Amino acid sequence: MNRTDRLTAILIHLQTKRVVRAQEIADRFGISLRTVYRDIRALEEAGVPIGAEAGIGYFLEDYHLPPVHLTRTEASALLFGAKLIEKLTDESVQTEFESALFKIKSVLKRGDKEHLEDLEPQVGVSRPRTVRTFSTAFLNDIQQAVAQNRVLQIEYLSIYNGQSTQREIEPVGLYYYGSAWHLIAFCRTRHDYRDFRIDRIKVLTNTGRTFVRHERLSLEAYLARERTREDMPTTDVTIRVKNNEARFMQEQRCTFGFVAEEDACDSVRMHFRTPFTEGLSRWLLSYGNAVTIESPESFLHLMQERAEEVRTHYLEGVVERLND
């Protein structure tokens, strides 16, 4: 990127946030801090009103660039984003993004519009089929509550006992894993942090009350804490999976504590570190004889118990039909 293009890009970057740190600009464009300072000075000399807060960063003082034209590759990147949003978010976010995308498409050159129309049917995103229990339109409301530090009232369905509970929570952040969006929040009912799956929230109400953000963990701090928790003992499990079946395990394996894999000739050796041995055993059972347990012995015994449960269950069914 030449300097003129970089200066324009820095100016656009400054418009995206209230305050932008010099290190953030340096990291994005792969330049030194000294070069950042020179570029900022060049923009100021060109008449751009850039303010600075010592030790914090730069900001624009009531200045806006005219509408920016997207390149074809930038427009294509938006299409990929739209495909992901269509599959990995709910109706509230999809509707707003679709509206924004229409506005963006309206300023594209004719050739770029035709390019997107030709590319659109050739790009797709798949996701595992999950049962959507309740409303799929909470993500937008939750985003607003996270940004504005609003206390939420929810009715939440527990997957373990099938019962609903009323919770008053302070939303910390949103996190996507295990094929679902999760709301990390401080639960005033339980007096601790909790992980709520969005698709198990039956009712969500914004109370209008606020909470003090700095008294709560950030999302990053919460996730770091969970990774180092010692109150949930883990088990190291090593399995070997036939190559033709291993490719089907790529997405779900992360849910059960997948750590690493290595080639083992006609199979793949996978290592897990998990507190959920029961869930891992039931998941692996669905792959039948494609999976071999290498260690530990205790997990092999657990798998044998699960297999015996299934064998007994279906044998009893055969006996019942014969007796009839």
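Which residues does L14 touch, not counting residues up to four places away in sequence? This is a predicted model, and in it L14 touches V20, I40, I50, Y58 and L60.

L14 belongs to the largest nonpolar core, which has 19 residues. L14 is among those with the most contacts inside that core, along with I10, I25, V36, I40 and I50. At least two residues each come from α1 (3–15), α2 (22–29), α3 (33–45) and β2 (57–60). The most come from α1, which gives 5 residues. Another core lies apart from this one; its 18 residues include V241, F256, F272 and W283.

Now the charges. There are 22 salt bridges in the structure. One of them joins D39 to R6, with the closest N and O atoms 2.7 Å apart. D39 is in helix α3 and R6 in helix α1, so this pair ties together parts that are 33 residues apart in sequence. Both residues, D39 and R6, are buried.

A second pair is R188 and E170, again a salt bridge, at 2.7 Å from N to O. R188 sits in the loop between β5 and β6, and E170 in strand β4, so parts 18 residues apart in sequence are tied together. R188 is partly exposed, at 28% relative accessible area, whereas E170 is buried, at 3%. Both belong to a network of salt bridges that links E168, E170, R188, R209 and R216.

Last, R269 forms a salt bridge with E294, the closest N and O atoms being 2.8 Å apart. R269 is in strand β10 and E294 in strand β11, 25 residues apart. E294 is partly exposed, with a relative accessible area of 35%.

Methods:
Residues are numbered from 1 along each chain as its sequence is written. This is a predicted model: local features need pLDDT of at least 70, side-chain atom pairs count only at pLDDT 80 or more; totals for chains, interfaces and linings use all residues. Side-chain values use heavy atoms; hydrogens and water are left out. A nonpolar core is a set of buried Ala, Val, Leu, Ile, Met, Phe, Trp, Tyr and Cys residues joined through side-chain atoms within 4.5 Å. Buried means under 20% relative accessible area, exposed over 50%, partly exposed in between (1.4 Å probe, protein chains only). Helices (H or I, at least four residues) and strands (E, at least two) are DSSP runs, numbered from the N terminus. Contact means heavy atoms within 4.5 Å. A salt bridge is a side-chain nitrogen of Lys or Arg within 4 Å of a carboxyl oxygen of Asp or Glu.
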